[in-house]
Each structure stands twice: as structure tokens, then as C-alpha cells.
Amino acid sequence: QILDLLHVQDKVAARQFQRVASTTVLSMAREQPQLAERHLLQPLLAPLRRCSEAAELALEDLTAGAMLVPEAELGSCVEDVLKVYVVGNDSSSLLLGSLQPVLGVVFSLYSFARQNVSYLRSPCQDILLWFLEKAEREQALAVLEGLAGLSSHVPTLHPQCQLRVGSEGGAAVVVQETISDEDEALYQKISLEQCHVESLVELLSHCQKSGLAGDFFIHCLKELTQVAAEDEEAPNPAVEPGGSLLELEQDQARQGRKLLVLQLVAALCQGVSDTVFTDIVQVQQFLAAVLQRACAHPARGPGAAAEAQTLAMAMGLVAAVLGGAVQLKSSDFAVLKRLVPLLEELSRTYPEPLTQELASDLRIAILTHGACSPGTLGTAAQGLLGREPGPAARSPAGSTPSPSAHGDSSTGQSRGRGPGASPAPRADSPAPGGLQELLVSACDPQPPGRAAALRRLASLVTQRDPEAIRLQEKLLQVFLENVQHEDAFVYLSAIQGVALLSSEYPERILPILLAQYERPAQGKEDTMAAVTRMKLGEVLMRVTRALGDMVFRHREPLIRAFLRGARDPDAALRASSLSNLGELCQHLGFQLGSIIQEVTCCVTAIARTDPEAEVRRAAVHVVVLLLRGLSEKVTEVLRDVLRDLYRLLKHVATAERDAATVLHAQLALEELDSAMRRVLFPPQTLEKKIVVLP
């Protein structure tokens, strides 16, 4: 009877009945936990338990495709869990313990709902986030590890069960059909793992403020080090003549786990790395994981360059923290002292001399709280990270006391003042000559130093530094030269710098960029010129986003440049130009004006005649973005070309051979259909009108 109160259909009384039922369940869980679990919580979670990996299913009695949990029952169960657990918000051990065994099924349902249109996505996400927030940190990390597939702490969806889209916007659980094709089965397994990783990263993006995302990221890094160590210690049974079948299976499982950890680390770096660390403890744990990996596996072999760059950035981060980028307290140095043993081992065993020297200097700086920093620390940090060394890494001749320094930070103090002795100067206010040093560092042969210098220059542009404003043409030249660099970290930093400079001074910088985009540098190979123009196209799109509504002033030269790029001989550049054109049209919306005729003619011709599938795909995608940006104003702005666009989309949907292009056309037709329905059948609203009779 209590659980039935959660399903009252009367909209007026439903909320009161649900509150009574939820309060009753929580009160019984506190006063009579055994009875509450037996008679309330287990029946409440029964549909989720039924399809769990821990459930013992008599699948031999069920045929393939048989319904295990109907759509209505599964949807009602998820909503009941949301009402009792999340809305009730009682984080007792009984409730957390009863919910944990079904979290794997809820996560599978959440991942499934992300791929489809389902109302279950939001409640499943709320349930998972509530548990991760209320559980102890160790328990939450164990659950995340289970959801990622690295452990069996959380039972997942039964391998013989499959989620299927329901007719009412929900989902149902059915018995999975046997797949005879091994390639198809492998493809579905890999796709499911990829989807679960993406869902986990999206879930963690909501947990960054609590520090859970950072802790899990560090946990994955430690796991990666451990897996690599096991991989080196364990022999490969495939090449061992006496290797047994069991050893071969264990090796395959170990390799699969390693690939999963690598996939997780890559996805976390891409999805939540910007603000993943919330305090100095997490930074220390991250650095410890990197240094421990470097100690255990020095950079050798085919991946030596990437390993060396990762170590260089980690040690540069330590040097930056000690050099004044962060105000450190005594408690922070106590945390950083945990790195001392690793730095000592690195200074003795690492094969690269500069890294050995920097590790030794960092160890001395940490032990003395920055009061004694060898002079090589500053130069090594600048070479690895590309930033001006702070007072902890600067010799007396280079010391410039802060104007706001107190009496104990006088110029009479001797060599190597650390952050504990006087306030460090702001990282965003370089000393005289600092800009020139950054310009020199922007030509550093080491990619990490060059990229860090470029990012520092970009920050000076954002802060409208007077010296940077005066030398903006020189800065633009430096940024454009680095855009052509082959290292992704360098050219992305340069792209960011050019975009910031252009958004701050669009009248001066945009014409230069447009000229270079339309006329590539001479004397280069065609491929390199096309790549450089695509990077400049990315710069122009970042400027477009930054300018917002002000982009209307530069509408015609931008569209003209992208239309010319759409006729370039290089297929990749044509596709890139069309993609940029679509995003620009989406931003402009109703401000397109008469130039829409040129855009429509270009897109129509390319979608019908271009020999490359990716270019035709980009042309149709322009139509999708155009319709999406105009929304309800489609009939007004596209009044003269709407019929031509509709005919083009129908032609592509019926005659195109490329599946992705057909999908883009179908999406555009759906956008057009929804827009026309909103125009022809506007939503009816009740309005109260008061008419004064004469």
C-alpha cells in the first residue's frame, strides 16, 4: 500500500501522497531497517535487480527477444527510486547499500538514454549523482571503477539482457538475440564500451567541484602505471612456446584492461581536464603519479618522446608552483614534501641529464620551503615550461620586489627568496623586459616551452597589457608563425592567441587573417598550405564566437572567404570551409540578408556535384546548421530559397550513396519539418482579455 501511494495518478493529490510514501519509507528505514529492506526497498528495486548481472536468470526458458522488464514497469521503478532516494535525500547506510547493487543497471540505462531520445536520462543521472555525492569518497571511487568496467564492485546489466527503445519514450529490457557474426559482436561490444566511457566522463563533469573527478583521474593514472608494470613483468604467452590456454586468456584480459584504462585516461583528459584539480593535494597526487611512472619506466622505445614531454610538463608545473604561480603556505609545503623521494630517485636514475638536475633542484626547493633554490631551477623551469621564473628561482640580480611587499621583503634579503619569505609577484604582471623574453621563448625549439610562452602572451592580450597592445603586430606575426608548427600543443596555443588578439582588435587583425586565409603563403607544399588555411579557418571561427552579434559588421568578407575556400582543389579544405560557413550562418541567423542566395547556390552545387563524400556531407551540414540557427524565422529569412533547399534535401536523401550524408539530410528535413509545424500550428495559449464595452 505504501509503494502504491507513489503511483497515484491524480495530479492534485499525487504530490501529497508521494511525500507521505517517501517519508514513511525513510522513517521505516531508520527505525526498522530489516523490515524496510525486505518489504519496501527490495520490492521497489525489484525490476532493476531482475536484469542485473548478479541475478540468476533462467534464460533457457526464455526465447530471444522475450520481454524481461516492460517499459512501464522499468520507467515506474526509476521514478520511484528518484522520489524515495533523491527527493527524500536521506543518506543512511541502508539506503546507500541497497542502491549500490543496482547502480550498474541504472548507469547502463543512463548510457542508453544518452544515445536515444528518452525521458529516463535525467532521472538516471540524478540518481547516480546523488549516490556519488552522498557516499564516502572510497565507496564512490569503487563505484566509479565498477561503472568503468575496471572492477566487479558494481553488478552491471546482465550480459544476456538488452535495452530496447520503448514506444512511450522509455526503455524495456529484453533477452538478447544471439549474434552469429563474430565481427558484428565485437563491434557492438567496442561501441558499448565507448558509449559507457563517454557517459562516465559526462557524469564526472558534474562532479568537478567536489573533487571526485580529480580523485578518479588520479586513480586512473595510478592504475595505468600499475598495468604498465604488470605488462613488463608478465611474459607474453602468445610468444612463449609453453604458454597454456589459461595464461593466454589472462594475458588477453590484462591487455583489455590496459586498453580500457588508456581509453579512460584519454577521455578524462579531453572531457574534464580544464578544472579537474581543486586543491594542492590533488595536484600533488597527480604529480606523484606522473613521477612514479617516470621512475618505474624511463622514457625509452617508440613512446619515449610522449613520455618525456609528459614528465617535462609535470616538472615544469612543480617549478611554476614553487616559483610564485601559486601562493604557498606551510601546509602546502608539507603536502609537496611527499614528492621528495620520487624526485630524489629521478635525479639518480633518469637517463636525461637536464631532468636529473631539475629534479635535484626541485627537491632542494621543496625541503627548504623555497628559501634555498639553486640558480639552475629558474633556467630549467623556463626551458621546460617556458615561463619567467618566480622569486624562488631567481638570482638576486634578477629580483624585483613587489610594490605591495611588506617590511620583511626588503631588497636587502639575500639569494633565493622563496614564496614563504615574501609575497610572490603576480604571474600576470611581467617584469620589464618580460614580454621580450616571452617573444624569444615563443621560438624555443622545445614544444612545451614554446606552447607555454604562447599561452602567456595570450593572457597578456586578454589583460590588455600596454606593452602587448603596442606590439600587437609583432605578437600577431609570432602567433601566425607558430600556427604552422606541427606539434598540436603549440599550434592550438597559437590559434588561441590569434583568436584572442583578433577578438580584442577585430578591425586591425581580421583583414590580415582573411587575406592569409584566401591567399596562402607562397613556396610551401600544397598539403602544408591547406593545413595552415584550415587552422586559420579555426581561428576565424573562434573570433566569430567571441564577437557574438558584432560579427555582423564583418559578415560579407567572412562569408566571401569561406565561399572561396569551398572551391579549393583540396577536399579537406573544402569540407573545412563549408563547416565554418555553416557555423557562421548559424551565428548570423536572421542577419544573413540577401547573401543567402550565394550561400544556397554554392551549397546546392557542391551537394549535387562534388566527387568527395566528406565535402558533400559538409555541404548538407551547412543546411542543418542554417535551419537550426534560424529556428522559427526560417520562413522569413529563407522565403526565396526554401523550396530549393527542400528539393536539395529530398534529392540527397533518396539519391546519395554516402550514409553519413543521407543522415545529415534527414536531420535537416526534421529541422525543417519541426520549423514548419511551429509556423503552421502555433501552440495555443490561453489569454485573459478585458474588453471595455462602449
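A crossing is called right-handed if the near helix is turned clockwise from the far one by less than a right angle, and left-handed if anticlockwise. Helices (H or I, at least four residues) and strands (E, at least two) are DSSP runs numbered from the N terminus. This is a predicted model, in which local features need pLDDT of at least 70 and side-chain atom pairs count only at pLDDT 80 or more, while totals for chains, interfaces and linings use all residues. Residues are numbered from 1 along each chain as its sequence is written, and side-chain values use heavy atoms, with hydrogens and water left out.

**Helix pairs**

Axes are lines fitted to C-alpha atoms, for helices over the stretch in contact, with angles from 0 to 180 degrees between N-to-C directions. Angles under 35 degrees count as roughly parallel, over 145 as roughly antiparallel, 65 to 115 as roughly perpendicular and the rest as oblique.

| Pair | Axes come within | Crossing angle | Hand |
|---|---|---|---|
| H5 and H6 (residues 121-134) | 9 Å | roughly 140° | left-handed |
| H20 (residues 472-483) and H22 (residues 506-518) | 12 Å | roughly 30° | right-handed |

H20 is therefore roughly parallel to H22, whereas H5 and H6 are oblique to each other.

**Second largest pocket**

On a 1 Å grid over the protein atoms alone, a pocket is an open set of points with protein on both sides within 12 Å along at least five of seven lines; a cavity is a set where a 1.4 Å probe fits but cannot get out, and lining residues have an atom within 4 Å of a point. Points are joined across faces, edges and corners, and a volume is the space filled by probe spheres set on them.

The second largest pocket has a volume of about 1,700 Å³. Its lining comprises 43 residues, of which Gln188, Lys189, Leu192, Glu193 and His196 are the closest to the centre. H8 (182-204) is among the elements that supply at least two lining residues, and H8 gives the most, with twelve. By class, the lining has 20 nonpolar (Ala, Val, Leu, Ile, Met, Phe, Trp, Tyr, Cys and Pro), five charged (Asp, Glu, Lys and Arg) and 18 polar residues (the others, Gly among them).

**Second largest cavity**

Two cavities of 30 Å³ or more are counted. Leu645 is one of the lining residues, which divide into six nonpolar, one polar and no charged.
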